[in-house]
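Here is a short tour of one protein model. Keep the sequence and the 3D view open as you read.

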Amino acid sequence: MLRLHAYEYHRPGTVDEAIALLVEHAGDVMPIAGGTDLIPNMKHRLFTPGHLVSLRGIGEMRGIAEEEAGFTIGAATSLDQVARDARVVEVLPSLARACSLVSGPQLRRMGTIGGNVCLDTRCTYYNQTLFWRKALGYCLKKDGTACHVVKGGTRCVAAHSADTATALLPLEAELRIVGPEGERVTPIASFFTSDGVWNRRMEPGELLISIRVPRPATGARHSFQKLRARDSIDFPMLNLAARVDFDAEGVITDLQMVASAMGSDPRKLGKLDAIAVGKALAEPVMEELAEQAFRQCHPLDNIPVDAEWRRAMVPVLVRRALSEIADADR
């Protein structure tokens, strides 16, 4: 049986109280909301904080507010609540779908959207028990000096596996972050880095408080696709989110596509506008976009599934996403 180590649990009622606790116990503290990822990682001794600061009692971090400009979603709002909210389902269906595909129903009721956006990267050689990792010799992400994915690699390439973050990128979401130095708002497009050890631009003591998603333009359509071994529980082998903007005549004016679960950060696919803008979303255009996405995507052997098969599934997910968007536009 994997047991938790001893720690002290704090339940602040406000953001200020939570920040104060993170500062007071700096170096030996972690925030916890749903805990669906953190607690298993603690049992594996990937994290051993002496203090946990609960975010569940902070009202400012919970709930969904709809405004004329868009939605503000508290970071401690459960994935299940976002997935089931009728307003989100109608206006932001790709985000609702992404939330609905995270893990299984029990964990979605506990897990939060903020926790998923800030999800720790995953790897075959990292997400294992202490006994397993000790026998192998540890890895670059935890306690070791070698990367077992890229031989001789000096940078961790553990996989970004956050479904909601991938869906939020084409929607051009913004993140409200509060820390000891005050408050800042950052586009989610500039939030992630390629360093698998710590792949997000957050300083110690900072908390993600809320997520703002602007209301899509009238002609915008979007889709989220997830590849996994089973249609419940499993982390993604590949994620793909797409947004296509149409004018009144059904001609494409903008197209954005993001793929993740290949490396340590989500990747915005390039050179798609030159293929699609000014055209209708017809079958030949979809095929050309699928081929372009395939050329750009090169999954690593950082999760226990054949990387070449995952790459072969890239154009499949692109076609699914674009077909869904084309049907919705019609």
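## A buried asparagine

The side chain of Asn302 reaches the backbone oxygen of Met262 at 3.1 Å. That is a polar contact: a pair of N or O atoms within 3.5 Å, where within protein one must be able to donate a hydrogen and the other to accept it, and residues adjacent in sequence count only if both atoms are side-chain atoms. This is a predicted model, in which local features need pLDDT of at least 70, side-chain atom pairs count only at pLDDT 80 or more, and totals for chains, interfaces and linings use all residues. Residues are numbered from 1 along each chain as its sequence is written, and side-chain values use heavy atoms, with hydrogens and water left out.

Where is Asn302 placed? Find the loop between α11 (283-296) and α12 (307-312). Helices (H or I, at least four residues) and strands (E, at least two) are DSSP runs, numbered from the N terminus. Asn302 counts as buried because its relative accessibility is 0%. The cut-offs are under 20% relative accessible area for buried, over 50% for exposed, and partly exposed in between (1.4 Å probe, protein chains only). Leaving out residues up to four places away in sequence, Asn302 touches Arg122, Cys123, Val149 and Met262, among others. Contact here means heavy atoms within 4.5 Å.

## The cavity

The structure holds 1 cavity of 30 Å³ or more. A cavity is a set of points, on a 1 Å grid over the protein atoms alone, where a 1.4 Å probe fits but cannot get out; a pocket is an open set with protein on both sides within 12 Å along at least five of seven lines. Lining residues have an atom within 4 Å of a point. Grid points are joined across faces, edges and corners, and a volume is the space filled by probe spheres set on the points.

The largest cavity has about 80 Å³ of space. Its lining has 13 residues, with Cys123, Cys139, Cys147, Val149 and Cys156 nearest the centre. By class, the lining of this cavity has 11 nonpolar, 1 polar and 1 charged. Ala, Val, Leu, Ile, Met, Phe, Trp, Tyr, Cys and Pro count as nonpolar, Asp, Glu, Lys and Arg as charged, and the others, Gly among them, as polar.

Asp143 sits in the loop between α8 (130-136) and α9 (163-168). Its relative accessibility is 54%, so Asp143 counts as exposed. Glu172 lies in the loop between α9 and β6 (174-179). Glu172 is partly exposed, at 44% relative accessible area.
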